[in-house]
Structures are given as structure tokens and as C-alpha cells.
Amino acid sequence: MPVYEFFCRKCQEPFTEIMSVKEHDQRMPECPHCHGTKEVEKRISAVHAVTTKKWLTS
Ligand SMILES: [Zn+2]
């Protein structure tokens, strides 16, 4: 499964989460630091981004 990278604006901490594409579309992960989801933003899809573009804009 792909590894996704997220960033918590509240904690100012990045974190990664392994989830299916379907899961990724349906929910935002919990921040491991504050356990909130409201301030979590999506960064890049690490696995899919490696061979093509390093940064994907949303
Ligand atoms: Zn947080």
C-alpha cells in the first residue's frame, strides 16, 4: 500500500500514514501527536511521486 505524507498545522509536525488509495480518498488520518484530524493537511504521495514529479499540487 502507498505511504502518504501529511502535516499537522497545529503541531507543526509532519507524519506518514500507510493506507489504501480508497481510505485516503475517504478520510484524513489522525495526527499522532494531538490525535486531531481538523488541522491535518495532505502533503505528497511519497511512493507515487518518486518516479515522476516530486511534488504534486492539489
Ligand atoms: Zn497534531
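The zinc ion has four protein donors, namely the SG atoms of Cys8, Cys11, Cys31 and Cys34, and these lie 2.2 to 2.4 Å from the metal. Please bear in mind that this is a predicted model.

What is the arrangement of the donor atoms around the zinc ion? It is tetrahedral, because the four donor atoms subtend angles of 106 to 114°, and the tetrahedral label requires that all angles lie between 85 and 135 degrees.

Along the chain, the zinc donors follow the spacing C-x2-C-x19-C-x2-C. Distant parts of the chain are linked by the pair Cys11 and Cys34, which are 23 residues apart. Cys11 sits in the loop between β1 (3-8) and β2 (13-18), whereas Cys34 belongs to the loop between α1 (21-26) and β3 (40-45).

A disulfide is a covalent bond between the sulfur atoms of two cysteines.

I turn now to the strands. β1 and β2 are paired in the antiparallel sense, over six bridges. Within this pairing, Tyr4 stands opposite Glu17 in β2. The two strands form a hairpin with four residues between them, and Gln12, in the turn, has a positive phi of about 60°.

Next, the aromatic residues. The structure holds one aromatic pair. It consists of Phe6 and Phe15, whose ring centres are 5.8 Å apart; their planes meet at 25°, so the pair counts as stacked, the limit for stacking being under 30 degrees. Phe6 and Phe15 are both buried.

Finally, the helix. His24 is found in α1, and its relative accessibility is 10%, which means that it counts as buried. Which residues does His24 contact, leaving aside its neighbours within four places in sequence? They are Tyr4, Phe6, Met19 and Lys42. Two of these names have already come up: Tyr4 as the residue opposite Glu17, and Phe6 as a member of the stacked pair.

Thank you for your attention.

Conventions
Residues numbered from 1 in each chain as written. Predicted model: local features only at pLDDT ≥ 70, side-chain atom pairs only at ≥ 80, totals over all residues. Heavy atoms only, no water. Donors = N, O, S within 2.8 Å, 3.2 Å for Na, K, Ca; no water. Tetrahedral: all angles 85-135°; square planar, octahedral: opposite > 155°, others 65-115°. Pairing = 2+ DSSP bridges. Buried < 20%, exposed > 50% of the residue type's maximum accessible area, 1.4 Å probe, protein only. Contact = heavy atoms within 4.5 Å. Phe/Tyr/Trp six-rings, centres within 6.5 Å; stacked < 30°, edge-to-face > 60°.
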